[in-house]
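Welcome! Here is a short tour for someone meeting this structure for the first time. Take a look at it, and then we will go through it topic by topic.

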Amino acid sequence: MSDELDEIQAIFFEECTEGLTVAEEGLSAMQNGDTSADTIASVFRAVHSIKGGAGAFGHVALTHFAHSFENLLDAVRGGKIEPTLPLVKVMLIAFDTLSDHVSAATGQADVPEDADMIARLDGILVAGGLSDEDEGLAPAPSAQAPAPDAAKASEPSAEDADPFGFEPVTVDIAQLDGDKGGPADWLVRFVPGNGDLANAGEPLLVVREVETLGGEIIAVDLGDMPGLRDLDTESAYFGWTLRVPGTVEESAIRDCFDFVSPEAVVEITREEGAVAMAAAPELPDVRAQVDPAGDLDQMLSVVQSIAEVTAVASPSPGTDAPRDVGTKYPDKPSEAVSQTIRVDLAKLDMLLNLVGELVIRNSILSDRLSSADQQRVELPELARLTRQIQDNVMSLRAQPIRQAFSRVPRMLRDLGAETGKNINLETIGDTTEVDKGVIEKIGDPLTHMIRNAADHGIESAEERIAAGKSPDGTIRLSAEQKGARIFVRVKDDGRGINREKVFAKAVEKGIVPADAQLSNEEIDQLICAPGFSTADTISNISGRGVGMDVVRSNVEALGGRVEIASVPGEGTTFTMILPLTLAILDGMIVRLAGQRFVLPLAHVIETIQPEPGQVKRTTPNNEVIDMRGEYLPIKRATEIFGLNDDRPIEDSLVVIVESDTAGQVGLVVDTIDDRREVVIKSLDQNLHPIRGLGGATILGDGSIALILDIEALVASPTQTRFSPKGMAA
Amino acid sequence: MSKLILTVDDSASMRMLLKASLTAQGYRIESANDGEHGLERMHEVKPDLLITDINMPKMDGFELIEAVRAEGGFKGTPILVLSTEFSDEKKTRARNAGATGWITKPFEAEKLGAAIRRVCP
């Protein structure tokens, strides 16, 4: 059971995350002026569900906080409190505390300090809105009259009469600790109200339950029984008096009457004393009621008719309870409602792995067959089906990137509070679907990019005004898919990169020699060099000892890369370019210095066998190839990897690849072996990352080949020059 | 055969929790994830008891109870509300809609069982 509970709790935490996303979206919409009933209700429901689950799993602090928050939301939902902008802002802060509570419940963080916030929420509820003082800069303080009963609604109303049943009964304490031989027996008088039969309630079951506590019926009250003509079979006429052993807790007896209707009479008294005795004479003797012999048959038929009513009221599985199926919803297929299913991610990963193996076996099989057999329809068909399975499994893992973006608004609020900068967030393309693995791994880089933009990019309000900008900064977060790649951009409208300062710092840190001639773009890239930080004083926001180099290495580990574009005075754009999937690659198998490598086909434009004289050396270290009158730079991967290659260029092939950063570049390879879909296996974390290698794969014959990272390979050659350690092999 | 209970709650964890604790007490459980779904499932599974949450998307618990009670065939089916709400106003509303009883979340499995037996022997 406990394993099962853990599993359910894990699902609850997932729901919390979803609920928090919904609540935050709703609150953001409210902040932007959308205070429609649906929006408010969605926030309320999200918080309410979190509270419900938290209570079930015993997260007391979370439940307590969510309760206060929910009460306020309920008052807003009910129109008792106006959702003014300042109030929404308070609720956003409360939302942050709620998120912290959820993190605490999952064990990822400490329980946040929430007493002040709870007091504030409760105070707003009591006052029926924010006080004028709290409203602060609010343009129009809520004109709403305070709702005096709002506060009352927030408290558990144990003292109030309970509509489900019982009025408080005072018990004379003296009777309790009175005497010899334990407490006196209870006398329980129960007269059901008419509502008790109407809602499929069954008063008899209540009596039976009291009997299970050791109670016995000592009198049945038929005093209200009308004549047969006036008898309503759906009304209750009986009353019971039971004697329950005095050792039974009063609350246990009360519990039995939890569901009886408000008009029902429930009296629980100790048998001794005037109250109990006074009740007794009111109870007529049943036999006295039915004494006249002629009435007996009538009475029997009445009892039978009541028995029939109760039988209908509580159908047991065997009886033929009315089964007339309504026609209102008959033709709606039941499948329509269960459109989603939760699957453990580990199972999906296992499936994905198996499909990967299937792809590999497929190519092994293909290798072993004669070329005639390879052409037979079954094999291509098998390959096609495998590919489809693969695509489908990949799509199962695709999630909207919104999940990665969801923590940004919170972060910006926190950053705004720390830096005193007011930063607006614009989000574009957050429905773009990306592999879940990618989403999980871009969280940290994204966080760092946002912090960087908020801390270094966006200027202070004064500085912005002086520069003729609006005092509020803007960060635009966007995602888009282009081909098999996802572009995630963080664009700020801040001061841009101060290249002089960056260069000076890089020289000071020994990252580049003082006489290095670097282009603007190259200087911008220095931000990502290991151990680089431009902040004069290390702030507690982005200067945490890790810099943008961590962003770069994280993104590169995913097979992606980071680009930086900056315009002084106008802002900086960080772009993460990520693969759509982490698993499959269409590749060209090439040889470099005799070893096999996989070159991602997506980059390949064409392949040529160079004529003598077509490749020219421009400087001792640079070669170009004449492509129909256009000169393209040539790269030798063998040099970058330090492989021995004495082969003359005329015996080699040049693969023209297109890269996002360097345009078209010629890559020198020995031969081209094959074209194949390969399953990407990431290189172990323990291996030192080698620039230019994106991973490894298992080929059809079972041997291992490394996968070339074209972008890294052709990207600025200067990289290896100014960072001797870490970047080059 | 053991009693069949339909639980309606928009929270998957709550549905699972209910299922786990009630199955352990010998009940058969069917679930639905909102009021609309719940009403459909009522027709499909014809449970001995309906346990429903109040705050749900599409159709809330009050509406579900009213809709169920409006159907002749379910007049005798007990309905329990299981909600974190506890205000008298809500309870009265539920009773007027046709609820048989009200249980406040969080629930203890034992008390929930007792509450069920109170309306569904």
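In which hand does helix 20 of chain A pass helix 24 of chain A? The crossing of these two helices is left-handed. Please keep in mind that this is a predicted model.

**A helix pair in chain A**

- Helix 20 covers residues 436-457 of chain A and helix 24 covers residues 548-557, and their axes come within 9 Å of each other.
- The axes cross at roughly 150°; angles over 145 degrees count as roughly antiparallel, and therefore helix 20 and helix 24 of chain A are roughly antiparallel to each other.
- From helix 20 of chain A, the residues that meet helix 24 are Lys441(A), Asp444(A), Pro445(A), His448(A), Met449(A) and Asn452(A).

- Strand 16 and strand 17 of chain A run antiparallel and are joined by 5 bridges.
- One of the paired residues is Asp626(A), whose bridge partner in strand 17 of chain A is Tyr631(A).
- Arg628(A) is not a glycine, yet its phi is positive, at about 45°.
- Is Arg628(A) buried or exposed? Arg628(A) counts as exposed because it has 4 C-beta neighbours inside 10 Å, and the cut-off for exposed is 12 or fewer.
- Strand 17 of chain A also pairs with strand 19 (residues 663-669) of chain A; these two run parallel and share 2 bridges.
- In that pairing, Ile634(A) stands opposite Gly666(A) of strand 19 of chain A.

**The sheet of chain B**

- Chain B has an open sheet of 5 strands in the order 2-1-3-4-5, with parallel pairing.
- Strand 2 (28-32) and strand 5 (101-104) of chain B each have a single partner strand, so one side of each is left without a neighbour in the sheet.
- On average, neighbouring strands of this sheet are turned by 20° against each other, direction ignored.
- Within the sheet, strand 3 of chain B pairs with strand 4 (residues 79-83) over 3 bridges, and Ile51(B) stands opposite Leu80(B) of strand 4.

**Helices and a loop in chain B**

- Helix 5 (residues 109-119) of chain B lies across strand 3, strand 4 and strand 5, and runs at about 175° to strand 5 of chain B.
- Lys58(B) lies in the loop between strand 3 (49-52) and helix 3 (61-70) of chain B, and Lys58(B) has a positive phi of about 65° although it is not a glycine.
- Because Lys58(B) has 13 C-beta neighbours inside 10 Å, Lys58(B) counts as partly exposed.
- The axes of helix 3 and helix 4 (residues 88-97) of chain B come within 8 Å and cross at roughly 20°, and these helices are therefore roughly parallel to each other.
- The crossing of helix 3 and helix 4 of chain B is right-handed.
- Their contact is made by Phe62(B), Ile65(B), Glu66(B) and Arg69(B) of helix 3 together with Arg93(B), Ala94(B) and Ala97(B) of helix 4.
- By class, that contact has 4 nonpolar, no polar and 3 charged residues.

How values were computed
Residues numbered from 1 in each chain as written. Chains lettered and ligands numbered in written order. Predicted model: local features only at pLDDT ≥ 70, side-chain atom pairs only at ≥ 80, totals over all residues. Buried ≥ 20, exposed ≤ 12 C-beta atoms within 10 Å, placed from the backbone. Helix = DSSP H or I, 4+ residues; strand = E, 2+ residues; numbered from the N terminus. Pairing = 2+ DSSP bridges. Axes fitted to C-alpha atoms, helices over the stretch in contact; angles between N-to-C directions. Parallel < 35°, antiparallel > 145°, perpendicular 65-115°, else oblique. Left-handed = near helix turned anticlockwise from the far one by under 90°. Contact = placed C-beta atoms within 7 Å. Nonpolar A, V, L, I, M, F, W, Y, C, P; charged D, E, K, R; others polar.
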